[in-house]
Amino acid sequence: MGGRPRPRFRSVWVFHVDASACNGCDIEVLDVLTPFYDVERFGVKLVPTPRQADALLVSGSVNRQAVIGLKRVYEAMPPKPRIVAAVGACAIAGGIFYDSLAVYGGVDKIIPVHIYIPGCPPRPEAILFGLGQLLGLVNKKIEAKILYPRRHVLDRRYGVLFNERLYKDLRYYLTRYVGYYDRDYILDDLLEIINSSRTVEELREKIMDKASRLKDPRLREVYSIAGGYIVEKIKGETGTVQGKHRVQV
Amino acid sequence: MAKYFEKTDKWVVTFRYPLEPLEPPRELRGKPEINPDLCIGCGACAEACPPNAITKEIDYREGYARIRIFYGRCIYCGRCWEVCPEGAIVLTNIFEMATPSKDDLIYEVNLELHTCSRCGRYTEFTERQIHRAYTLLTRIPRERRKELLDRMFLCRDCRRQVFSHDALRSRRTDKYGRASQTPF
């Protein structure tokens, strides 16, 4: 039983405060109470009044109206544990509204906070992880990283047909066809093909071969369009070799 | 009755999450990280970041450009990843970031600043940015390249001095084509 730390609290009753949030975090807090993420199995219960609460779940960047209520809720809590959890980016440091005049930017500027749960909004799992830490079920996993890397960047090795301008244009076009997520996987694959081929004909053959072997018609279409685009662009230039390619400044 | 419980046991939908590890979906936009081997410290991510969770500051005393992510303010929009010219930003699917202290939510990359080849002071760009510009310069015609190479390694003040000196020299010449002694 060395792995899991011992629970600090038996059952924590929480009161949820919406300190001028956009309701994104509040909906995720409600999600935590659903049967999928059932937080009540740890004894955590949502209570309707701060007088019964051991902990506060505060969401939202605290604005001038909300600060009055937040202070009153904090004073109404029983004095003993008075745990405060800041849920979401706004409650931690103001989020996207951090430099607004109407906003205090962070719960910790008003009342002391015991646990910060980042996310915009945080996933229900992230809130569970935060509450688990509060109860002593799990340990924190993140810590500050300050890096001092080497002086020079490594030269990435590209093949003779690689052209940086073309790569960036291709990235833009693929975004329009397949969206952000699939784009990078296709782009990595295409880059590998471009780097491994030495002539334009070889490149065209390789891409068309790859496209014909795919089962997904959407991907097949994208590969053939991208292949045609690459071949057309590379052929249009005077020097296909990177060394001969000239940039106008 | 025993049969009933047997059946319902299979129908339990609750995740055992904090007690057992959970594999997040691959598409989840989680905590962004900077690949320290690829970052050149241009600050494009800091420009694009809507809540200014990524900031760039230049420390002239120590000679470092600091690119710092504060995850507490990050809204996981992925714009930094979109604009990064070097592909140095990595979007991981890590979401377990709850912590009792705000100091844990910092990720910082420190890159060495370039020193001016004329006055020896720190410039506002990093050594890696110079290296990147140099690799781009190799594709430029030779006659144009020479002119740019002279000024690439200078700081802003020295560059201004050299430029204005050259400009005045070229304008103020006597009838033999020599630079005049008095610049104005």
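**Exercise 1. Strand pairing across the two chains**

Find the bridge partner of A:Lys145 in β5(B).

Solution. In this predicted model, the partner of A:Lys145 in β5(B) is B:Tyr107. Then follow β5(B) to its pairing within chain B. There β5(B) pairs with strand β6 of chain B, residues 122-126, in the antiparallel sense over two bridges. One of the residues involved is B:Thr115, whose bridge partner in β6(B) is B:Tyr122. Finally, look at the connection: β5(B) and β6(B) make a hairpin with six residues between them. In its turn, B:Gly120 has a positive phi of about 80°. As background, strands of a sheet pair through backbone hydrogen bonds, either parallel or antiparallel.

**Exercise 2. The extent of the interface**

Describe how chain A and chain B meet, beginning with the number of residues in contact.

Solution. Start with the contacts: 60 residues of chain A touch 62 residues of chain B. The area buried between the two chains is about 5800 Å², and carbon and sulfur atoms give 57% of that area. Now turn to the polar side of the interface. Between chain A and chain B there are 19 residue pairs in polar contact, both residues being at pLDDT 80 or more. The salt bridges between the chains number five. One salt bridge joins the side chains of B:Asp37 and A:Arg150, at 3.9 Å from N to O.

Which elements of chain A give two or more residues to the side that touches chain B? They are α3 (89-93), β5 (115-117), α4 (124-135), β6 (145-147) and α5 (164-196) of chain A. Of these, α5(A) gives the most, with eight residues. Sorted by class, this side of chain A has 32 nonpolar, eight polar and 20 charged residues.

**Exercise 3. The open sheet of chain A**

Give the strand order of the five-stranded open sheet in chain A and name its edge strands.

Solution. The order is β2-β1-β3-β4-β5, with parallel pairing. The edge strands are β2 (45-46) and β5 of chain A, each of which pairs on one side only. To check one end of the order, take strand β4 of chain A, residues 83-87: this strand and β5(A) pair in the parallel sense over three bridges. Within that pairing, A:Ala85 has A:Ile115 of β5(A) as its bridge partner.

**Exercise 4. Backbone exceptions in chain A**

Solution. A:Pro121 lies in the loop between β5 and α4 of chain A. The peptide bond leading from A:Cys120 to A:Pro121 is cis, with omega near -10°. A:Asn23 sits in the loop between β1 (13-18) and α1 (24-32) of chain A. A:Asn23 is not a glycine, yet its phi is positive, about 80°.

**Exercise 5. Confidence**

Judge which part of chain A should be read with care, using pLDDT.

Solution. First take the overall scores: ipTM is 0.81 and pTM is 0.82. Chain A has a mean pLDDT of 85, with 89% of its residues at 70 or more. For chain B the mean pLDDT is 85, and 85% of the residues reach 70 or more. Then go to the local values. Over residues 238-249 of chain A, pLDDT stays under 50, and the model has 20 contacts beyond four places in sequence for this stretch. Where pLDDT is low, the predicted coordinates should not be read in detail.

Methods:
Residues numbered from 1 in each chain as written. Chains lettered and ligands numbered in written order. Heavy atoms only, no water. pLDDT = per-residue confidence, 0-100. Contact = heavy atoms within 4.5 Å. Buried area = accessible area lost by both parts, 1.4 Å probe. Salt bridge = Lys/Arg side-chain N within 4 Å of Asp/Glu carboxyl O. Polar contact = N/O pair within 3.5 Å; in protein donor to acceptor, adjacent residues only side chain to side chain. Helix = DSSP H or I, 4+ residues; strand = E, 2+ residues; numbered from the N terminus. Nonpolar A, V, L, I, M, F, W, Y, C, P; charged D, E, K, R; others polar. Pairing = 2+ DSSP bridges.
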